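Good morning, colleagues. Please look at the model first.

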Amino acid sequence: MNQGEAVFDLIRQEEKRQKEELALIPSENYCSSAVRKALGSILTDKYSEGYPGKRYYQGNRIIDEVESLAINRAKKVFGVAQVNIQPYSGSPANLAILSAVCQPGDRVLSQHLSMGGHLSMGQQASMTSRFFKAFYYGLSKRGQIDWDGLESQVRKQRPKIIFCGGTAFTKVFDFPRFGRLADESGAFFVADISHIAGLVAAGVHPSPARSAHLIMTTTHKTLRGPRGAMIMVTAKGLKKDPELGKKINQAVFPGLQGGPHNNNIAGVAVALNEARAAGFKKYAVQIVKNAKALATSLKRYRFKLIGGGTKNHLIWIDLNNKKIDGWTAAWALEAAGIIANRQTIPFDQRSPYYPSGLRLGTPAITTRGMKEPQMRLIGQWINEGLEAARKMNLEGIGSPDRERDQKARKEFKQAVFENQELRRIKKEVKSLCCQFPLP
Ligand SMILES: Cc1ncc(COP(=O)(O)O)c(C=O)c1O
């Protein structure tokens, strides 16, 4: 093959894979062809350090309009006072918030990684924990915020920021309660709504705009935009610190970033316009209906769901009663054309790489147009897939003897793609997927 074609050949392969497989990763979605058109546009070639009306490069007359359009749309969709649309992604956006609000060594409080928190909010493995002193709160066994633990941490540590939000939470966030806690203790309340931004935009999940001082969201999950993020300053945030917007802008540029990715910003502007359209509310409602239908189907096969079910787009499975770990389950499902996400569960005894759970989400399959009948089928396939995996040779997987464990996992990974039952499911998955094309 011509070397110049190599990348495009891989893109074609990935497109085929996405068309034929079920994307159940809760943080994934398919953006529209209009968003992709903006992403692939000539805007990618322009340098524009600075902000609309105040750039360090010439030639930004039109880029200023693009960025202003995106900002104004975001303000309307989320009901906030100010928006910085330039963060390259969610992790740098959370770092920008930390550096705008805190001094090195300041204390922050966030949901623990093993309980569904996200790295970028002060977790040990993240650089953020080197600069800021992070403390954590967890979830109860029922998947709710452990309010007693959280309140006691607030009293003890007096954090500068209380973060809410993470990668695994199946309930409705009680934003007013977080807001009151922050107000009582003098902390800033930062709501990271990356996962649920589309649900918030559609009014399917309550908005944190009146409770939080700052809101961060990635743009590529339920919001269905391109990869990116935005930091929103609320009226409440500006009341607490009238300089907060300025601090955020300075933290993003020149603090942490250089030139904004203008093609992405244009893509976000397109996605925000789509999120204002009538059809988006219907889409968001269907995401939740589908998650509930998939949860019900899984429960029928005796899957143990953290929190007992779901109130949003996400399903969190404790696999302990199924005698299979998250790693093994996720590979078996991949062999069946079902792309899931392994995930630690609250009070997990295993490591994040070989955790005890799975995380599933319905945003992407809902974008394809799938509804409740398809969710019932997917639940059935997940059950059949894991039953097939359990009949395979799992001996040695999870052994405390690391060498034995790794050897067993390697052999399983080779064998799983040859398993006839998983291949049968993969064929059926493909045939379903062909009826629900990507946008
Ligand atoms: C809650 C939350 N915050 C932040 C991020 C980080 O986003 P990114 O992967 O774009 O850096 C994620 C990503 O999954 C997330 O779920």
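Predicted model: local features only at pLDDT ≥ 70, side-chain atom pairs only at ≥ 80, totals over all residues.

Let me start with Phe-163, which lies in strand E7, residues 161-164. Strands here are DSSP runs of E with at least two residues, helices are runs of H or I with at least four, and both are numbered from the N terminus. Residue numbers run from 1 along each chain as its sequence is written.

Is Phe-163 buried or exposed? Phe-163 is buried, because 30 other C-beta atoms lie within 10 Å; the threshold for buried is 20 or more, exposed means 12 or fewer, partly exposed is in between, and C-beta atoms are placed from the backbone. Setting aside neighbours within four places in sequence, Phe-163 is in contact with Val-108, Leu-109, Ser-110, Met-121, Val-190 and Asp-192. Contact requires C-beta atoms, placed from the backbone, within 7 Å. Ile-215, 52 residues away in sequence, is 9.7 Å from Phe-163, C-alpha to C-alpha.

Now the sheet. It is open, with 7 strands in the order E4-E10-E9-E8-E7-E5-E6 and mixed pairing; two strands pair if DSSP finds at least two bridges between them. E4 (82-84) and E6 (133-137) stand at the edges with a single partner strand each, so one side of each has no neighbour in the sheet. From one strand to the next, the twist averages 20°. E5, residues 107-111, pairs with E6 in the parallel sense over 5 bridges, and Ser-110 stands opposite Tyr-136 in E6. Helix H7 (residues 175-185) lies across E7 and E8 (188-192), at about 155° to E8; axes are lines fitted to C-alpha atoms, for helices over the stretch in contact, and angles run from 0 to 180 degrees between N-to-C directions.

Finally, the domain assignment, which is automatic or from a database, gives domain 1 (33-276) and domain 2 (279-435). Their contact takes 24 residues from domain 1 and 23 residues from domain 2.

Terms used: Contact = placed C-beta atoms within 7 Å.
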